[in-house]
Amino acid sequence: MCRFAMYLGPPIKLSALVTEPSNSIIHQSYDAQEREEPLNGDGFGVAWYVPELRDEPAVFKSISPAWNNANLLNLAPVTRSHCLLAHVRAASPGLAVAQVNCHPFVRERFAFMHNGSVGGFARLRRRLRERLSDLAYDAIAGSTDSEHVLALLSDRWLEALEPDPLERAALALRETIELLEHLRAELDIEEPSYLNLAITDGAAAMVCRYVSPGPDPAHSLYYARGALVVEDGKSRIDAPKSDGPAVVVASEPLGDRSRWEAVPRNHLVLIDDQRRVNLREI
């Protein structure tokens, strides 16, 4: 159910995530290594930040498979940014393959993406929508469970009183997960929720790896801190360079697994604007 990657650090080309590494996002769109079903061909999306031009990220999405999109292959080598997101989609059963359902989703300066599913979404969708503010409800353009999670998260963010932005995001995420689990319990839904989420404002970021309580394993998620280097189609993480460390988060390591660490089950990864990483149990 989808694969994604996010980069925060010294500017790099979009192709360093999307096309160049041996296990790039395009590779994961047709041959994911850590899913039972290796195909993620129900569309893709990329987002990147250019803060000297505007606060909101640029976004490019399509319902075509990532490996077969000439525009993406042309754009990736000439697009540079300090904050990049890439997502390839495997649509959840019953949810339409449409551009409006492709990730990342954007709300003002925030970009958001999801790998996973909300357990029993078709049954709890109406009750979930009843919990939304008019602002969050009206912002939903598609039909995905992912965009509804973002709507809940947006409301919790606006209501949170925590002044520190990352702590505010962490609080909003916890409350979002608590509400989703409450709805599952209220409706006696046994299907677990898988919530690998990533959200950033272009300076800091929060990522989580979560699965509902029970025996089911969480979807894969990794992070690395250092310098992302891609040479001759081989990707590795080196020691940080003089311009500071980068942080890369991905559903699967992009190449050489050295310096990549698995995010523990049911944990947050908080990345501040100095690209310091803090892991915290949910």
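## A first look at the strands, cores and helices

In β7, Tyr194 is the bridge partner of Ser117. Helices (H or I, at least four residues) and strands (E, at least two) are DSSP runs, numbered from the N terminus. This is a predicted model, where local features need pLDDT of at least 70, side-chain atom pairs count only at pLDDT 80 or more, and totals for chains, interfaces and linings use all residues. Residues are numbered from 1 along each chain as its sequence is written, and side-chain values use heavy atoms, with hydrogens and water left out.

**Strands around β6**
- β6 and β7 pair in the antiparallel sense over seven bridges; two strands pair if DSSP finds at least two bridges between them.
- Strand β5 (residues 105-107) also pairs with β6 in the antiparallel sense, over three bridges.
- Across that pairing, Val106 stands opposite Ala111 in β6.
- The hairpin of β5 and β6 has two residues between the strands, and Glu108 takes a positive phi near 55° there.
- β6 is mostly covered, with eight of its eight residues buried; buried means under 20% relative accessible area, exposed over 50%, and partly exposed in between (1.4 Å probe, protein chains only).

**Nonpolar cores**
- A nonpolar core is a set of buried Ala, Val, Leu, Ile, Met, Phe, Trp, Tyr and Cys residues joined through side-chain atoms within 4.5 Å.
- In the largest one, which has 37 residues, Phe112, Leu124, Leu173, Leu195 and Met206 touch the most other members.
- Its largest share, nine residues, comes from α7.
- Leaving aside neighbours within four places in sequence, Leu173 is in contact (heavy atoms within 4.5 Å) with Leu153, Leu197, Met206, Cys208 and Leu268.
- There's also a second, separate core of 28 residues, with Trp48, Ala66, Leu254 and Trp260 among them.

**Helices α6 and α7**
- The axes of α6 and α7 come within 8 Å and cross at roughly 130°; axes are lines fitted to C-alpha atoms, for helices over the stretch in contact, and angles run from 0 to 180 degrees between N-to-C directions.
- The two helices are therefore oblique to each other, as angles under 35 degrees count as roughly parallel, over 145 as roughly antiparallel, 65 to 115 as roughly perpendicular and the rest as oblique.
- Residues making the contact include Leu153 and Trp157 of α6 and Leu173 and Leu180 of α7.

**Pro11**
- Pro11 is found in strand β1 (residues 3-13), and at 45% relative accessibility it counts as partly exposed.
- Not counting residues up to four places away in sequence, Pro11 touches Arg80, Ser81 and His82.
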